[in-house]
6 protein chains.
Amino acid sequence: MDLEHALHDGGYATLTEVSGEAAMAKLETEPNVRALITDINLKNEASGWDVARRARELFPDLPVIYVTSVAAEEWTSQGVPRSLLIQKPFAAAQITTAVSQLLNATKAVPTPNPSKANSGSFDQPRS
Amino acid sequence: MDLEHALHDGGYATLTEVSGEAAMAKLETEPNVRALITDINLKNEASGWDVARRARELFPDLPVIYVTSVAAEEWTSQGVPRSLLIQKPFAAAQITTAVSQLLNATKAVPTPNPSKANSGSFDQPRS
Amino acid sequence: MDLEHALHDGGYATLTEVSGEAAMAKLETEPNVRALITDINLKNEASGWDVARRARELFPDLPVIYVTSVAAEEWTSQGVPRSLLIQKPFAAAQITTAVSQLLNATKAVPTPNPSKANSGSFDQPRS
Amino acid sequence: MDLEHALHDGGYATLTEVSGEAAMAKLETEPNVRALITDINLKNEASGWDVARRARELFPDLPVIYVTSVAAEEWTSQGVPRSLLIQKPFAAAQITTAVSQLLNATKAVPTPNPSKANSGSFDQPRS
Amino acid sequence: MDLEHALHDGGYATLTEVSGEAAMAKLETEPNVRALITDINLKNEASGWDVARRARELFPDLPVIYVTSVAAEEWTSQGVPRSLLIQKPFAAAQITTAVSQLLNATKAVPTPNPSKANSGSFDQPRS
Amino acid sequence: MDLEHALHDGGYATLTEVSGEAAMAKLETEPNVRALITDINLKNEASGWDVARRARELFPDLPVIYVTSVAAEEWTSQGVPRSLLIQKPFAAAQITTAVSQLLNATKAVPTPNPSKANSGSFDQPRS
């Protein structure tokens, strides 16, 4: 997949989930997430807008990048602050630049917000 | 009221509504809105987060400023892009500077987004 | 006049010229200019776009603000870098905030660019 | 050529013209342009400053990057708003970062401005 | 004094100290500071550069504004990140805009950094 | 070394010094430096904070990037204005994006500040 390949080339490791629900579950149990890249229209109920809101509840400073071919105009009302939206089709360099730029603008490593996390979820994967 | 007084001193006219629901109704019938300033915890159901999302659906480039004493930490997940959050208590100059700065960064007068508005609502007040 | 009144209230002194040609002549003989505010459609030939280009030749870091009711869409192709465009009608606070914000972002007092000025023009008004 | 090679490596496709006049003609007939990179001193009459102004008339939000070894100081008076100037010699990464950063800051795919285009020119190459 | 008058007009309260040493002592015992405005050349040993560094150790997100007529060129090597430098003479609006702009860009009320404060100093004025 | 490899891949050449003292000596004799990347905790006395301050005295507009695993929280009080801090571990793309972004935001090639340099040091390596 192009997007992951671009990130690996830039030195990033990636975790991929097939639905918004799975991504949100992963965010709750994975303390080492450094950025979220999400499509808007996902399998099942949750949209990329939902995933990003949940991600920011858990990691208040998390860089968020939306990629979409159809929902760009909703960003102004549905996106989170300080996020970027990249329209498809995109070039590989847009993705690595976006992630790097947002990470470099973050003063510190995003830290989990314990008050919003499910109890214990950062130590043990959920069953 | 301090906030309105500050805006009038800066040369702005204001429209005030007592609930989020009333503010959203006003936004649908009032084509000349240039910025939204909203508290987070409002009378009734709708929060300031809801009002701002609806405002941006109607006016995609509308400057949005949240003022709050209790909900600042939710801004990162609930705020709209390119918005500002001002914590209470604030100084009058913070409000006029925030509105002016966001207006000056907007390339053009915010224009209603006709596809999202209720039919006819920009010409006639709703009953 | 509203615009000048707003600037005086903010602690600024103003020089006003009635045409683009007069403004450009003034810029060449006046070393203490700190910012330019110009309408686009001016008396005579020169437009506000022309005045701003000449001003930036003379003072490379000069804050530039355009105010206009009719030519806003031309800013993207005719404006100078790091300028602001304010649409009429505007509130007084937009003007003082714009000038202050641009001045505060300038690292040093704008200095005349001697290589572009007419010889001797900073000491003596031109005949 | 270094610049094009850098862009291709970043996942971008390029169109190259040998003069400013040819570039401006291409811009009028090519609706899929996403960014302009131009030298300042070009063959024939038109300069890079001219090409960028024409490009922005046609595509108001188009990312514009100037590359030059000799004319950098003119950018402040001759460049278009929200453009970048890269001095020669440059590193490949400067070009891909500049294009990606400007594209990612653009809310939507740059769309042609039909009112400024020659009639019909977006459908058929000009003879 | 002009600077304080401008701030009071904008709705701000001010604390003034006559030396850098006194300002640093005040910062250690005063948890409600929201911004620092400092001249560079101060009475006694400590400079404005020193005061700002100490202020940021105590309040990591504190807005910092330097005002100076003589030391502007040192800002690039001696200033703290995300600070502003305003050259004297300045207009009143520059000060209120600078403070307001920096406060509005701060996500939360600046909180004291307890690990850097002297023990107990936030509860009791020092003798 | 990862960091240098990333820069070379992006088209940059690098000079490496093993201590802060050596880096500062190099900066005084090397007029072609375009950016500084420094760790905070260095061999010997001088820290990365010291190196960056000296670098900015010599080259007022020099892009500065700090990389560190332990001293990130000191950046707010010890960093220079308009610098970036990248936390270790970092991805290669963060470094090339950071350097490129800061270089592209600099209006001109950083020029040595002759008044701060040791006499003659830009022509001849020091003995």
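In this predicted model, T106(A) counts as buried, because its relative accessibility is 14% and the cut-off for a buried residue is under 20%. T106(A) belongs to the segment that follows α5 (92-105) of chain A, and its side chain reaches back to the backbone oxygen of L102(A) at a distance of 2.9 Å. When residues up to four places away in sequence are set aside, T106(A) touches D61(A) and P63(A).

From this residue of chain A we can turn to the place where the two chains meet. The contact is made up of 15 residues from chain A and 14 residues from chain B, and the area buried between these chains is about 1,300 Å², with carbon and sulfur atoms giving 51% of that area. On the side of chain B, the residues that lose the most area to chain A are T76(B), S77(B) and P81(B), which together account for 41% of what that side buries.

As for interactions across the interface of chain B and chain A, the rule finds zero salt bridges, whereas four residue pairs are in polar contact, with both residues of each pair at pLDDT 80 or more. The elements of chain B that give two or more residues to the side touching chain A are α3 (48-58) and α4 (75-78), and the largest share of that side, four residues, comes from α4(B).

Technical notes. Residues numbered from 1 in each chain as written. Chains lettered and ligands numbered in written order. Predicted model: local features only at pLDDT ≥ 70, side-chain atom pairs only at ≥ 80, totals over all residues. Heavy atoms only, no water. Contact = heavy atoms within 4.5 Å. Buried area = accessible area lost by both parts, 1.4 Å probe. Salt bridge = Lys/Arg side-chain N within 4 Å of Asp/Glu carboxyl O. Polar contact = N/O pair within 3.5 Å; in protein donor to acceptor, adjacent residues only side chain to side chain. Buried < 20%, exposed > 50% of the residue type's maximum accessible area, 1.4 Å probe, protein only.
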